[in-house]
Amino acid sequence: MTGLDDIARIGADPRRGGYSRHGYDRAELELRTWFTEEAGRRGLGVECDRNGNLWAWWGPPGEGAVVTGSHLDSVPGGGAFDGPLGVVSSLQALDLLQAKGFVPGKPMAVVVFAEEEGGRFGLACLGSRLVTGAITPAAALRLSDPDGVTLAEAMRSAGLDPALVGPDVEVLRRIGVFVELHVEQGRGLIDLGAPVGVASSILAHGRWRVSVTGEGNHAGATLMVDRRDPMIAAAQVVLAARRAATGVEGARATVGRLVPNPGGTNVIPSSVDLWLDARAEDDARTRAVVESVAEAARAAAADEGCEVTITEESYGDTVVFDPALRDKVSTVLGGVPALPTGAGHDAGILAAHVPTAMLFVRNPTGVSHAPEEFAEAADCSAGVVALASALEALAR
Ligand code: HGY
Ligand code: MN
Ligand code: MN
């Protein structure tokens, strides 16, 4: 997959393995430059919208466009394909259409959404949520990264004016249909024996911040009976997440991020922050998992003489992709299988506003959000051909 080779050195993370490319950090800004150059080489006109999303237009920007694309940012230590495969495949699909002399009957564009993973500012799909109004400018401008750099400061460093962020009706009006190609992040296409599939739905999912406060103290001078150790309660929250999800059909719950304050080996933390990522087939089951974890957190904190607060940081209900568009794309592709995903996507945010479809490319490892994530070159090429066919059928 030549396009991915071009960016293979950008944002490689020697400590974690894989890639760490986050909203407006050096690696992601380098990827923005790479994308702008690649689009320019193809005669596409590139513009950045007020929310930091890049748009590369084939022909003049206009309403009812056939839009494809994805994101370039990653999770910390993420794989090479999650996001970039969709962007590279979009450019290569346009290459195929231009090479065959296809003349679009509608405007076409490739979009790169900002901070899809929320790897820096903690909120997934930030760029698409801002465009659609799924997050308010005020809430977005309250975001800051673990070093205390605010979203506004990061956007300014990228030459953007944070005062302009917010719902963008003009941008939304331009999107007639959005098709996102993405590496599959599970085993669906492996089990189906298919290189490419279309998405049927996305699990309901959200993120909750659990903050436990106790009494910071000395690890050696403080008797066990005298402790109010927030780490004890935090540990029980982690175990409660596993128990809660296991008890709800199809649910998933993860604590992948836990930050003790101050974080010294010989220090009983004064507080611990941890983030719960919970998902399930519908709102009721997702909320049931979260409520069960919250109950356990309150009990564990009380037992340990600690305080606990639980804050919902983001949430999206189940997404069911437009069945007519899904079936049209599947038919154009000769009847590829439709499959659900447990991973969130910008396409999931846009689906509430414009007709949206997703294509998945087989990942023989079934692993994602880790360096082992992979897609065979032949399957990537099949994805590009499929995307080109879908876009051609939609842009005729
Ligand atoms: O978290 C997700 O599912 C997506 O990768 N942002
Ligand atoms: Mn991801
Ligand atoms: Mn992704």
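A: The manganese ion (ligand 2) is coordinated at 2.0 to 2.2 Å by Asp82 through OD, Glu117 through OE and His369 through NE2, where donors are N, O and S atoms within 2.8 Å of the metal (3.2 Å for Na, K and Ca), and sites may look incomplete because water is not among the atoms. This is a predicted model, in which local features need pLDDT of at least 70 and side-chain atom pairs count only at pLDDT 80 or more, while totals for chains, interfaces and linings use all residues. Side-chain values use heavy atoms, leaving out hydrogens and water, residues are numbered from 1 along each chain as its sequence is written, and chains are lettered from A and ligands numbered from 1 in the order in which they are written.

Along the chain, the donors of the manganese ion (ligand 2) follow the spacing D-x34-E-x251-H. Glu117, in the loop between strand S4 (108-113) and helix H4 (126-132), and His369, in the loop between strand S15 (356-361) and helix H13 (377-395), are 252 residues apart, so this pair links distant parts of the chain (helices, H or I, of at least four residues and strands, E, of at least two are DSSP runs, numbered from the N terminus). Glu117 is buried, with a relative accessible area of 7%, whereas His369 is partly exposed at 40%; buried means under 20%, exposed over 50% and partly exposed in between, with a 1.4 Å probe and protein chains only.

Asp82 also coordinates the manganese ion (ligand 3), which lies 3.5 Å from the manganese ion (ligand 2). The donors of the manganese ion (ligand 3) are His71 (NE2), Asp82 (OD) and His182 (NE2), at 2.1 to 2.2 Å. Both His71, at 0% relative accessibility, and Asp82, at 5%, count as buried.
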